[in-house]
Amino acid sequence: MTESQTSAPFLSIDRLSKNYGDLKAIDNISLDLPRGEFLTLLGPSGSGKTTLLMALAGFVTPSSGEIRLEGRNLVSLPPEKRDLGVVFQGYALFPHMTVTENVAFPLEVRGMSRAEIGKRVATALETVQLSALGERRPSQLSGGQQQRVALARALVFSPPVILLDEPLSALDRQLRADLQEELKTLHRKLGSTFINVTHDQDEALSMSTLIAVINNGRVAQCGTPAQIYESPESTFVAHFVGRSNVIDAQVLGTESDGRIRFTAGGHAIFGRPAIEQDAGAEVALSIRPEKLEVSKTSRDGANSILGTVSGCGYHGNSLQISVETSAGAIRVEAQAWRLGFTPAPGDAVYVTFPDDVPVMLRRDD
Amino acid sequence: MEVAATSRLSRTLILACGWIGLLFLLAPLLVTFPVSVTTQRYLSMPDDGISFQHYAKLLTDVRWSQSIVTSLIIAGLTTLCATVLGTLCAIGLWRLNSRFTHYLRIMILAPLIVPPIVNALAFYRSWIDLKWLDSIGGVVVAHTIVCLPLVLITVSTSLSGFDRRIEQAARSLGASPLTVLRRIVVPNALPGIFSGAAFSFVTSWDEVVVVLFITSRQVTTLPVVIWTSLTERVDPAVAAISVVMIVATLAAVLVRLASSRS
């Protein structure tokens, strides 16, 4: 038995709320996090994800609820007593100090000896590969380097949790991809718990061990990246993560082999069971665009919906095809080289997919 | 070649115009130099020889030396009070940064907007009740109120580009609010604090309107002595003190330039 299994959850957010007048920025959120996870709070802007992170850091006082870290309640503690590393959006480096002085700051205010500070700063700078730039000022560094200094400063005092507020949003695409990898490696190496905030679903899916999708101040769904992507529970999650097709359907009944039969716009669709629903119930189905095929002729043994092409966009690695059907508009992400023909607006096509593609959703928008 | 020659000519012309304009502005100041070494006992050019008696008078005549000391004390204390209060005020307003602080800022800037004579009258009337008339403390308080907006403006300008998240970062790293103030906020506001202090010192040093209202016999500042010397006696010592102040200002500017060069 490991230590974490015998005691209460490592980090526990318990019925946390924050109201600004009538606006509920955080609406009764409860979330338990085991030690060592990389949790990403994923949501659109204004969803309350940053407010939640700032409540953890101590810069937002919750209206009600508790935050417990290893059993102690954080809510009544000021930010400087919480011992959490925070990487702020825009990095918030101290402009009047060198890189070394920036990283040494948290150790100095803890009254550590000069020798110990020197040793730890050197290690931290080495961890983020900045040993050569210790004497520079933040203004003399590139965005990626500043980001690394902010990271070194947040981890140099070995906090149990590191909070990251959109750490990669200011960087260009290539650098962002590199730093995603570095953050992942760093997380594995340090073994500490990371909590990251982002609106970028690629970042969330590729870096995290856990994702909490936040919408309107609530947790819409929490799970591993694969769970979130493959088994969205609500229309919001299905659409926000991976821009899935969401179509209206009605439950017809359960087949003898366990599959569920739906009808959507007059088409029969077979799908896998997720939520218990009685026959006749109105539901929504998520159908991932990249799991669909378009063809000019109908195919057997699979779900097949006839429609008309309304648009086709070239994206290099894929073709984005919009198909109007009686079940609604369906977006298909097809690989051009496998398609065999170029769809043109007005073409009649079949949208085909296996019966493990449709996922039944809870309606929430 | 032709083009280069004409552009050089126009450049020279513009420079000449600039220097002539500068001379026009500074020439009246230069007059104080000969006047300060006159042998006469009234404002005049030194026709029959040079004398430094008026400089000596600044030190030997109690009326002058005492007023210089008084002015230095008042300007020093005012600078200290206005800089400390103005800096704290600017940092506080920067931290709160709401609509309420916007109105508060306008109120604090009021002494700068209201004509000095109105200020002076207000101080005079209030100081009667407070029994602060004709005291160094009373003048320091009045000058601090007049100078505080200057510090508020300069420090606020320094902080205007300073990200609130830098302060939050320092807190999250374990620094108490006082440590953050001392090690993060104040160092970044230093340019504003220094220029605010300089403005305060100069403003208090040559402030005459308010002082004329709220002092009489006990407290006499240098500007008041200059004022009365000019109106009553046309004393060349006024020219001597002017020369001293001009030289001191030049020295300060040169030191500033040299230090910023290096």
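1. Helices, taken as DSSP runs of H or I with at least four residues, and strands, taken as runs of E with at least two, are numbered from the N terminus. The model is predicted, so that local features need pLDDT of at least 70 and side-chain atom pairs count only at pLDDT 80 or more, while totals for chains, interfaces and linings use all residues. Residues are numbered from 1 along each chain as its sequence is written, chains are lettered from A in the order in which they are written, and side-chain values use heavy atoms, without hydrogens and water.

2. Thr154(B) belongs to helix H6 of chain B, residues 136-160. Thr154(B) counts as buried because its relative accessibility is 13%, the limit for buried being under 20% with a 1.4 Å probe and protein chains only. Leaving aside residues up to four places away in sequence, Thr154(B) touches Gly192(B), Ser195(B), Gly196(B) and Phe199(B), where contact means heavy atoms within 4.5 Å.

3. Between the chains, 23 residues of chain A are in contact with 18 residues of chain B. Together they bury about 1800 Å², 64% of it on carbon and sulfur atoms; buried area is the accessible area (1.4 Å probe) lost on putting two parts together, summed over both. In chain A, the most area is lost to chain B by Glu80(A), His96(A) and Phe105(A), together 30% of what that side buries.

4. Two salt bridges are found across this interface, a salt bridge being a side-chain nitrogen of Lys or Arg within 4 Å of a carboxyl oxygen of Asp or Glu. The side chains of Glu80(A) and Arg171(B) form a salt bridge at 2.6 Å, N to O.

Methods:
Buried < 20%, exposed > 50% of the residue type's maximum accessible area, 1.4 Å probe, protein only.
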